[in-house]
Amino acid sequence: MIRYHDEEWGVPVHDDRLLFEFLILEGAQAGLSWETVLRKRERYREVFGRIRRGKDREIRRAESARSPRRSGHHRNRLKISATISNARAFLAVQREFGSFDAYLWQFTGGSTKQRAPRGPKDVPARTAESDAMGKDLKKRGFRFVGSTICYALMQATGMVNDHVRSCFRCGELR
């Protein structure tokens with residue numbers, strides 16, 4: 001967890017595959033600890049990491065591995081099904097916007113929102129931007145993408161810098 005925070009969380013991400021991975025991980029985290037999700041991260045990458053622009057066959061391959069007993073990554077059938085439908089929606093967004101990156105970062109105007117809260121209590125669970133992102137993702141067929149999940153995605157991928165002021169990463173990511 002410390003390594004994830006110190007090296008990854010809040011660092012701006014512009015790679016479509018990694019943005020999609022974070023979207024899936026944030027959705028998977030609902031009801032679980034982040035530590036549990038991170039332990040399953042490599043399996044998610046194995047099963048869904050081959051999704052490339054226009055490669056619907058990779059989604060079909062992922063569907064064949066979706067049995068909770070076989071998948072090794074999650075036992076919640078709704079989350080597994082959402083991941084597969086999200087992959088299809090992801091490919092559609094890439095076709096429409098040219099990249100998932102261009103689509104997601106539009107919600108912050110293309111740059112990181114700098115917040116620097118005093119402490120954890122000053123960090124919101126959602127914002128107007130995450131509300132808009134969640135609403136638009138749902139309109140495009142994504143699932144497990146409520147405003148709170150979208151705000152967590154924005155934090156994890158550096159769309160917003162919510163490292164507290166006393167954290168060494170706060171200034172580094174300005």
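**View 1. Trp34 and Tyr4 in a predicted model.** Trp34 is buried, with a relative accessible area of 13%, where buried means under 20% relative accessible area, exposed over 50% and partly exposed in between (1.4 Å probe, protein chains only). Tyr4, at 8% relative accessibility, likewise counts as buried. This is a predicted model, in which local features need pLDDT of at least 70 and side-chain atom pairs count only at pLDDT 80 or more, while totals for chains, interfaces and linings use all residues. Residues are numbered from 1 along each chain as its sequence is written, and side-chain values use heavy atoms, with hydrogens and water left out.

**View 2. The stacked pair of Phe100 and Tyr103.** The ring centres of Phe100 and Tyr103 lie 6.2 Å apart and their planes meet at 25°, so the pair is stacked; rings of Phe, Tyr and Trp (its six-membered ring) pair if their centres lie within 6.5 Å, and planes under 30 degrees apart count as stacked, over 60 as edge-to-face and the rest as tilted. Phe100 is buried at 0% relative accessibility, and Tyr103 is buried with a relative accessible area of 0%. Ring pairs link Phe20, Phe90, Phe97, Phe100, Tyr103, Phe107 and Phe142 into a cluster.

**View 3. Helix α9, residues 128-139.** Helices (H or I, at least four residues) and strands (E, at least two) are DSSP runs, numbered from the N terminus. Ser130, Met133, Gly134, Asp136 and Leu137 of α9 are buried, and what covers the buried residues of α9 includes α2 (16-29), α8 (100-105) and α10 (147-156), contact meaning heavy atoms within 4.5 Å. After α9 comes Gly141, with a positive phi near 100°.

Definitions and conventions: The expected span of a helix is 1.5 Å times one less than its number of residues.
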